[in-house]
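Here is a short briefing on one protein chain. Look over the sequence and the 3D view, then work through the points below.

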Amino acid sequence: SILWSFKGADYWIDIGTPAALRKASIDLVTGVFRSPMFTPNAAQTFVDSRAEIDPSAFVNAGCAIGASILKSGAVIDESVIGDDVVIESGAQISHSIIGDGVRIGAGAIVERSVIGGPGQFLQPNSRHIGGM
């Protein structure tokens, strides 16, 4: 068998782990690498046009938000939020991936975690601290 290699200066990352997927998403929205499919903005975020974000919610740089609902006082930091997610008032999501259809209760805190699966519900004021 023959093995070929090619040395390139292009951005490449194996997104086979949740942490790597989150890093690639952050790198894309912050402009670390460029894609013809996405133009970085001054906020260094991606927010789906169908998302409903309360004016008092905070979406910090490095976030990608799908067609979801963020209620008053929610804080999202360097995280990927899928579609049909509801993040209740005062919930905090940091360095995490939230899959489609998840509901995060009011005041819940999620850090360095992957929460996935439609119908998943995190109780209000609960804490979910992972190792991602």
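The buried residues of helix α1 pack against β1 (46-47), β4 (64-65), β7 (80-81) and β10 (97-98). Contact here means heavy atoms within 4.5 Å. Helices (H or I, at least four residues) and strands (E, at least two) are DSSP runs, numbered from the N terminus. The model is predicted: local features need pLDDT of at least 70, side-chain atom pairs count only at pLDDT 80 or more, and totals for chains, interfaces and linings use all residues. Residues are numbered from 1 along each chain as its sequence is written, and side-chain values use heavy atoms, with hydrogens and water left out.

**The helix and its surroundings**

- Helix α1 covers residues 18-30, which is 13 residues.
- From first C-alpha to last, α1 reaches 18 Å, close to the 18 Å expected at 1.5 Å a residue. The expected span is 1.5 Å times one less than the number of residues.
- The buried residues of α1 are Ala20, Arg22, Ala24, Ser25, Ile26, Asp27 and Val29. Buried means under 20% relative accessible area, exposed over 50%, and partly exposed in between (1.4 Å probe, protein chains only).

**Ile15, before the helix**

- Ile15 sits in the segment before α1.
- Ile15 is partly exposed, with a relative accessible area of 48%.
- Not counting residues up to four places away in sequence, Ile15 touches Ala20, Leu21 and Ala24.
- Thr45 is 30 residues from Ile15 along the chain, and their C-alpha atoms are separated by 19 Å.

**The sheet**

- Five strands form an open sheet in the order β3-β6-β9-β12-β15, with parallel pairing. Two strands pair if DSSP finds at least two bridges between them.
- β3 (58-59) and β15 (127-129) stand at the edges, each with a single partner strand, so one side of each is left without a neighbour in the sheet.
- Three bridges join β12 (residues 109-111) to β15, and the two run parallel.
- Glu111 stands opposite Ile129 in β15.

**The whole chain**

- The secondary structure comes to one helix and 15 strands.
- The C-alpha trace spans about 55 × 35 × 20 Å along its principal axes.
- Buried residues make up 36% of the 132 residues.
- Among contacts between residues at least 6 apart in sequence, 9% join residues at least 24 apart.
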